[in-house]
Amino acid sequence: MALYLLVFAVCLVIFGGMTALLLLSGTPRFRTDSEQLLRLFDQALDNRVDETEWNTLMGYPIRHDDYLDGVRRRAQRLMEEHGNHRRAARGKPLLDPTGQAELRALRDHLARRQALQQR
């Protein structure tokens, strides 16, 4: 009987600790900022970005900043209009020349806005 109570108490402590840990730990949040978008755009323009990385960042909505979300949506549209799936895997740029020119303009606009905000 003592062994049963000991095993029961140990299991209760383990399950209680796990439950408390799960309840106290918050849900992880990913917060995209303009530096991350600029870094991704630079990598895309230099043909160093992976399509998975692009889709991960572009597919995640930015709820804390409407302007950044608009930039993200515009970049996502650029990929839909001027991108070709599996292009980067074949060693080609992620976007065609027209898409790269538009992405460069979008990147420059975002960089200028960020510079104004830092002043």
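I call a residue buried under 20% relative accessible area, exposed over 50% and partly exposed in between, with a 1.4 Å probe and protein chains only. The model is predicted, so I keep local features only at pLDDT of at least 70 and side-chain atom pairs at pLDDT 80 or more, while totals for chains, interfaces and linings use all residues. I number residues from 1 along each chain as its sequence is written, and side-chain values use heavy atoms, with hydrogens and water left out.

**Entry 1: overall layout**

I looked up the fold first. I find 5 helices and 0 strands, taking DSSP runs numbered from the N terminus (helices: H or I, at least four residues; strands: E, at least two). From the N terminus on, the order reads α-α-α-α-α. The radius of gyration is 23 Å, well over the 14 Å that the globule rule gives for 119 residues, so the protein is more spread out than a compact globule. For that I use C-alpha atoms, and the rule is 2.2 Å times the number of residues to the power 0.38. The C-alpha trace spans about 75 × 40 × 20 Å along its principal axes.

I also checked burial: 29% of the 119 residues count as buried. Among contacts (heavy atoms within 4.5 Å) with a separation of 6 or more, 55% come from residues 24 or more positions apart.

**Entry 2: aromatic pairs**

How many aromatic pairs does the structure hold? I get 2. My rule takes rings of Phe, Tyr and Trp (its six-membered ring) with centres within 6.5 Å; planes under 30 degrees apart are stacked, over 60 edge-to-face, and the rest tilted.

Tyr4 and Phe8 have ring centres 6.4 Å apart and planes at 15 degrees, so I log the pair as stacked. Both sit in helix 1 (residues 2-24), 4 residues apart, about one turn of the helix. Tyr4 is exposed at 55% relative accessible area, and Phe8 is partly exposed at 47%.

Phe41 and Trp54 make a tilted pair, 6.1 Å centre to centre with 45 degrees between the planes. Phe41 belongs to helix 2 (residues 34-45) and Trp54 to helix 3 (residues 51-58), so this pair ties together parts 13 residues apart in sequence. Both Phe41 and Trp54 are buried.

**Entry 3: the largest pocket**

Which residues line the largest pocket? I list Arg29, Phe30, Arg31, Thr32, Tyr60, Pro61, Ile62, Arg63 and His64.

Note on methods:
1 Å grid on protein atoms, 1.4 Å probe; cavity = no way out; pocket = protein on both sides within 12 Å on 5 of 7 lines; lining within 4 Å.
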